[in-house]
Amino acid sequence: MRVLSTIFLALSAPRSRGCHAFQSSRRNVRGRFASVQRGAISLGSTKLAPRAVLERVFEQDSRPIILFDGVCNLCNSAVNLALDWDPSGKLRFAALQSKVGQNLLQAHGRDANDISSIVFVTPKGAYTKSDAILGITQELNPLPFVPLKPLALAGQYMVPQILRDAVYDGVANNRYSIMGKRDECRFDADGEFDDRFVDDNLAEG
């Protein structure tokens, strides 16, 4: 459980058993950093409907996508950790503030500017808060032959969701105080992890 607690800190209602994805809506609703202020990306420049962007990002690549706060130092450290702990490249990444990120939020019924939670997007649905953390953890493998999936499943079924989310909210609500924030937003990588960051041009027609 100590490992799960560490991941909670890094990645940052009734009793629930298991994770619950919110399904996509049918409505039209590396470490290089781009010099873009938080919120500077406007949906006015997006030519595709959110649902179309959702379909596009999974059209030829079914790997799940982690939507993270691109200006949060704690979140960017978590992305680096996830890259290290996912040597087989099972996960992809996109900033919540990116055009792809904003469209994926809308495609799942969330506000385009909602950066209150990490979001784990899969072809079948999306997860937030502690459910997102547990979903991501199942894909990580920090040491050879030591997958974290069993620990994630144990946390999923042994700890009530209301308690898991309370821990997540405590970290997420104070993430800027813990490690600060930057004025630049992380959107893509610079070579080594090119295929791990979703191309923001997929949100364009």
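In this predicted model, Glu204 pairs up with Lys99 in a salt bridge, with 2.8 Å between the closest N and O atoms; the term covers a side-chain nitrogen of Lys or Arg within 4 Å of a carboxyl oxygen of Asp or Glu. The two partners come from distant parts of the chain, 105 residues apart: Glu204 sits in the segment after β6, and Lys99 in helix α4 (residues 99-107). Helices (H or I, at least four residues) and strands (E, at least two) are DSSP runs, numbered from the N terminus. Both Glu204 and Lys99 are buried, where buried stands for under 20% relative accessible area, exposed for over 50%, and partly exposed for anything in between (1.4 Å probe, protein chains only).

As for the ground rules, residues are numbered from 1 along each chain as its sequence is written, and side-chain values use heavy atoms, with hydrogens and water left out. Because this is a prediction, local features need pLDDT of at least 70 and side-chain atom pairs count only at pLDDT 80 or more, while totals for chains, interfaces and linings use all residues.

There are eleven salt bridges in the structure. One of them joins the side chains of Arg196 and Asp86, at 2.4 Å from N to O. That pair also ties together distant parts of the chain, 110 residues apart, with Arg196 in the segment after β6 (185-188) and Asp86 in the loop between α3 (73-84) and β3 (92-95). Arg196 and Asp86 are both buried. Asp114 bridges to Arg110 with closest N and O atoms 2.9 Å apart, and Asp114 is partly exposed, its relative accessible area being 21%. A salt-bridge network links Asp61, Arg63, Arg92 and Asp195.

Helix α4 turns up again in a helix pair. The axes of α2 (residues 50-57) and α4 come within 8 Å and cross at roughly 110 degrees; axes are lines fitted to C-alpha atoms, for helices over the stretch in contact, and angles run from 0 to 180 degrees between N-to-C directions. The two helices are therefore roughly perpendicular, a label that takes in angles of 65 to 115 degrees. On the α2 side, the contact (heavy atoms within 4.5 Å) is made by Pro50, Arg51, Val53, Leu54 and Val57, and on the α4 side by Val100, Asn103, Leu104, Gln106 and Ala107.

Finally, Pro147 lies in the loop between α5 (129-137) and α6 (149-158) and is partly exposed, at 47% relative accessible area. Neighbours within four places in sequence aside, Pro147 touches Leu140 and Asn141.

Definitions and conventions. Angles under 35 degrees count as roughly parallel, over 145 as roughly antiparallel, 65 to 115 as roughly perpendicular and the rest as oblique.
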